[in-house]
Structure formats: C-alpha cells, structure tokens
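Subject: Structure handover

Hello,

Here is the structure for you to take over. Please load it first, then read the notes below it.

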Amino acid sequence: MSRLVKICGIKDAAGFDAVVKAGADYVGFVFFPPSPRYVTSVAAKLLSERYAGGPKRVGLFVNPSLGEVDDILRNVSLDVLQVHGAPDLVAALRDRFGRPVWRQVGVESVSDFPAPDEVADGFIVEAKPPKSATRPGGNAVRANWDLLSRFRPAKPWLLAGGLKPGNVADGLRQTGAPGADVSSGVERAPGEKDPDLIKAFVAAVRGV
Ligand SMILES: O=C(O)c1ccccc1N[C@@H]1O[C@H](COP(=O)(O)O)[C@@H](O)[C@H]1O
C-alpha cells in the first residue's frame with residue numbers, strides 16, 4: 001500500500017517548491033492568524049499558481065465561520081478543507097462548499113475516536129494539545145501510537161503530531177495509518193520549512 005503524505009504550514013516559495021519536488025500528495029496552508037505558519041489567502045493563491053497540477057491544496061481552519069471560509073475560497077482554490085471544530089461544523093462546511101472536509105482530532109483514549117457515523121471525509125489524528133499550548137495543533141506532540149493501532153475508521157486518515165523524518169516510518173507501521181501529516185518536524189524554526197527535511201520526510205513515508 002502506498003502511504004499518503006501531507007506537508008502542512010507552507011508559506012513561501014522555497015517551501016512550496018520543496019514540497020512539489022519531494023512529490024508529496026498534499027500541501028497545507030494554515031489560515032489561522034495566531035500560527036507562525038499563517039498565510040493569507042492571496043499568498044496561498046500565488047504559491048498555488050507556481051505549478052499546474054502538483055500536490056492537492058489543503059486549507060487548515062480553526063473553528064471558522066462559513067463566511068470566513070467563503071472569503072478565502074474566493075481567493076484561492078482549495079481541494080480539501082481541514083478543520084479543527086465540531087462534527088456539526090464539518091457537516092455545514094461540506095453542505096455549503098461541496099468539497100471534502102477532514103476533521104482534525106486530538107486523541108488520548110478510545111472515547112476520543114470519531115463516531116462511526118461522522119460525516120467527515122477523513123481525519124487528521126494527533127495528540128491533544130498540551131495545557132500550555134496556544135494553538136490546538138502543530139505543537140510537535142506525538143500521539144499515542146499504541147492507542148491508534150486500534151483506530152480503524154471507515155474513512156481515510158492521516159497520522160499527525162510530532163512526526164519527523166526519523167520516526168514517521170515507525171509511526172505508520174505501528175499505527176497502520178494510511179498516511180502522515182507533518183508541520184513542525186520539517187522546520188528549522190517555527191514556521192520556517194527546511195527543504196532537506198521535507199525531502200527526507202517524503203522519502204521516509206515512501207519507504208514504508
Ligand atoms: O501548524 C499549526 O500552526 C497549526 C495551528 C492550528 C491547528 C493545527 C496546526 N497544525 C497541524 O497540526 C498537526 C501536527 O503538526 P506537527 O507536525 O506536530 O507540528 C498537523 O496536522 C498540522 O497541520
């Protein structure tokens with residue numbers, strides 16, 4: 001089985017070009033202003049236009065209003081919406097925008113696993129944020145892989161949280177996840193992507 005790979009938090013041309021060159025399946029733009037990876041929709045559009053084809057564009061939102069997502073989609077074409085928010089919000093976004101919506105979920109126990117009847121098109125699964133965190137994701141915290149080896153949803157999902165080139169293969173094997181999503185593990189400083197780490201991360205996923 002070929003695993004999927006998403007590189008999230010791209011905000012400049014060097015990072016975008018590295019994702020394309022490495023052959024990742026998805027590139028993520030963070031539309032959450034407090035994040036060091038925040039990018040405007042205009043900047044995301046300019047980056048997206050650097051290549052025809054290439055990775056699918058994922059927009060990351062934290063509890064957005066429908067109006068906010070609408071404004072962003074007027075500027076940049078996104079293939080997938082990745083959302084921190086309740087299942088009801090996911091359903092509303094799917095209805096309104098007619099494109100796949102993935103819900104980002106923090107898991108600490110089996111009771112945090114999404115319900116089998118959730119309408120999301122997929123899940124990004126990571127650890128819950130530490131109490132001191134200023135954002136709900138992208139905190140470089142590794143999920144409980146042993147717990148996730150019991151997560152077998154009917155929908156596609158990506159393992160996230162604290163992944164790096166050196167641990168992603170183990171994470172995928174141990175959890176059986178169909179793919180991986182990374183942000184801080186391919187950075188040299190918060191928000192600054194490192195092309196060599198992006199290349200190494202994608203190669204590590206492809207090697208599983
Ligand atoms: O990256 C962010 O700044 C961010 C902000 C708000 C919500 C999610 C965010 N990132 C996502 O979190 C996971 C794990 O990231 P990491 O590899 O541990 O840094 C990933 O899906 C990011 O896209």
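First, a definition: helices (H or I, at least four residues) and strands (E, at least two) are DSSP runs, numbered from the N terminus. By that reading, Lys56 lies in strand E3.

Two points on the source. Residues are numbered from 1 along each chain as its sequence is written. This is a predicted model, where local features need pLDDT of at least 70, side-chain atom pairs count only at pLDDT 80 or more, and totals for chains, interfaces and linings use all residues.

Overall fold

The protein chain has 7 helices and 10 strands. Its radius of gyration, taken over C-alpha atoms, is 16 Å, close to the 17 Å that the globule rule gives for 208 residues, so the chain is as compact as a globular protein of that length. The globule rule is 2.2 Å times the number of residues to the power 0.38. Along its principal axes the C-alpha trace spans about 40 × 40 × 35 Å.

Burial is counted from C-beta atoms placed from the backbone: a residue is buried if 20 or more others lie within 10 Å of its own, exposed if 12 or fewer, and partly exposed in between. Of the 208 residues, 41% count as buried. Two residues are in contact if their C-beta atoms, placed from the backbone, lie within 7 Å. Among contacts with a separation of 6 or more, 52% join residues 24 or more positions apart.

The UniProt record (unreviewed entry) places the feature "domain: N-(5'phosphoribosyl) anthranilate isomerase (PRAI)" at residues 5–203. UniProt positions are in the numbering used here, feature names are shortened, and annotations may be inferred rather than shown by experiment. The end C-alpha atoms of that span lie 10 Å apart. The span is 30% helix and 22% strand.

Core

A nonpolar core is a set of buried Ala, Val, Leu, Ile, Met, Phe, Trp, Tyr and Cys residues joined through C-beta atoms within 7 Å. The largest one holds 57 residues. Ile7, Val19, Val125, Leu159, Ala180, Ile198 and Phe201 touch the most other members. Helix H7 (residues 195–206) gives the largest share of this core, 6 residues. Beyond its neighbours within four places in sequence, Phe201 contacts Pro165, Val168, Val182, Gly185 and Val186.

Individual residues

Glu126 is found in strand E6. Is Glu126 buried or exposed? Glu126 is buried, because 26 other C-beta atoms lie within 10 Å. Leaving aside neighbours within four places in sequence, Glu126 contacts Gly106, Gly137, Ala143, Ala160 and Gly161. Its C-alpha atom is separated from that of Trp145 by 9.4 Å, at 19 residues along the chain.

Back to Lys56: it is partly exposed, with 16 C-beta neighbours inside 10 Å. Not counting residues up to four places away in sequence, Lys56 touches Asp25, Tyr26, Asp79 and Val80. Lys56 and Lys6 are 50 residues apart in sequence and 9.0 Å apart in space, C-alpha to C-alpha.

Gly191 sits in the loop between strand E9 (187–189) and strand E10 (192–193). With 19 other C-beta atoms within 10 Å, Gly191 is partly exposed. Gly191 touches Gly9, Lys11, Pro36 and Arg37, again not counting residues up to four places away in sequence.

Backbone to check

Most residues other than glycine have a negative phi. Asn63 has a positive phi of about 40° although it is not a glycine. Asn63 lies in the loop between E3 and helix H3 (66–75) and is exposed, with 12 other C-beta atoms within 10 Å. Ala140 also has a positive phi, about 60°. Ala140 is in the loop between E6 and helix H5 (145–148) and is partly exposed, with 17 other C-beta atoms within 10 Å.

Best wishes
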